[in-house]
Amino acid sequence: MIYVGDKVWIYFRIVIMLGVETMNIPIVFALNDEYALPTFIALESLLKSAKVSTFYHIYYLVPNEFSTHYIQQIEKLKTKYSNFSFVSINMKDAFKGAYIRLEHISEQTYYRLLLPELLQEWERCLYLDGDVLVRDDLAMLYSSLCDDNYLAGVKSPGYHLNSSYKEKASCDKIGIESYDNYVNAGVLVFNLKKMREDKITGKLLNIIKKNLPSQDQDALNVVCYSKIQQLPLKYNVPVLYRNQQDELKKVFTSEEVEEARREPIIVHFAGGYTKPWKNRNVIYADEWWDIAEVSGYDLEKLKMKESNFVWKSQYPSLLLRLNAEREIVVFGYSEISRKLVCQLEKRGINHIRYYCDNDARKWGREADKEICSLRDILEKCISPFFIIASQGYYRDIYSQLRENGINEDKIYRYKKLGEKFLLCLNEEERKKDYIL
């Protein structure tokens, strides 16, 4: 579906009268029914922040079953803005059944791997995730990409703050030398022309067969690694790190961090726990809702959970549950699991017997506890209760335990509480003593 209505022609007449050169910018979103309304609000923030000289050509990549009701929602923007056109591209069943490890990410994110072939008429484009808030015009971002690079993006802080051991293991797994050039894929400038010339799409489709941990983001970073251009932090400010200035300064310059704090161009509600439609206490959520509440969209469909995180109440109940268990095993030996054990033992849980890990290099005795394989744990324990402390491999470990005969009621998932959790609490909640 394409829309170029009367308001568009009025827009161009005004631009011509003012003698301003128009900047035509193609911008792509990938979405499904679940992410439709948040993405439309991201779009509205984009249009609202545009300069009179900027015209956005919006492309929506949607699955075959995408509801036409949501396309009608975009029609409402005709009455407000004249600086855009939009095309809806039905991706049919592309990437159906693709590898999904991260719970908050859908198979639609893989669509961006096909952009060089989908947008043959363009030499470059911008790609934005649907969980962003655009606060300024994007013409400078669009123009920033050098012709010799495939992509331009902002470093993904979490990948650059790993311990040296974890970073090396992770780099070896996905196939890059280091994370020095690794970027977050939520805001990208694509050099479509060069990617077509160098047949990058085929390489991307081939590498995703390896089921990389961070899915298509890993694929883009691995294939394009030597030709990725770094962008200033202000173009992709992750709310998870908004208040962690010292941490950000380990990855970006002090000037970049200060600029991003003072004047962020794009705010990114990245991660599974910091969506403004789930919690109004997230930084910049008020600004997001200012747009949402005058948008005319059916906000009830967002199914907002204003009680912060439903799962936060699980932590006090975990202590009660653990008091009734005698063979507690923490699955995943890491800094996170060690801190968890320390916190639990401070609270009187003194019968944590073992750590379990699938990495044979970690097996052996560490301090007062032994690190074992699952096979050894099942031989040593009669009725073990497992706390899965691994933050990234819960699904895989859960399946492994179930396949080895462990009942569901003997498996608990530990979600680390930290800055990402505290960001989403009001002042009263922050005073409570949670397991951090």
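Which residue just after H17 takes a positive phi? Gly-405 does, with a phi of about 85°.

## About the model

This is a predicted model, where local features need pLDDT of at least 70 and side-chain atom pairs count only at pLDDT 80 or more, while totals for chains, interfaces and linings use all residues. Residues are numbered from 1 along each chain as its sequence is written, and side-chain values use heavy atoms, leaving out hydrogens and water.

## Helix H17

Helices (DSSP runs of H or I, at least four residues) and strands (E, at least two) are numbered from the N terminus. Helix H17 spans residues 394-403, and its residues Tyr-394, Ile-397, Gln-400 and Leu-401 are buried (under 20% relative accessible area with a 1.4 Å probe, protein chains only). Seen down the axis of H17, these buried residues fall within an arc of 130°, so they line one face of the helix; the arc is taken from the directions from the helix axis to the C-beta atoms.

Their cover includes helix H16 (374-380) and the strands E12 (328-331), E16 (385-388) and E17 (411-413), counting contact as heavy atoms within 4.5 Å.

## The cavity

The model holds one cavity of 30 Å³ or more. A cavity is a set of points on a 1 Å grid over the protein atoms alone where a 1.4 Å probe fits but cannot get out, and lining residues have an atom within 4 Å of a point. The largest cavity has about 40 Å³ of space, the volume being that filled by probe spheres set on points joined across faces, edges and corners.

Its lining includes Leu-233, Arg-242 and Val-257. Helix H12 (254-262) and helix H11 (245-248) each give two or more residues to this lining, and H12 has the largest share, with three.

Methods: 1 Å grid on protein atoms, 1.4 Å probe; cavity = no way out; pocket = protein on both sides within 12 Å on 5 of 7 lines; lining within 4 Å. Buried < 20%, exposed > 50% of the residue type's maximum accessible area, 1.4 Å probe, protein only.
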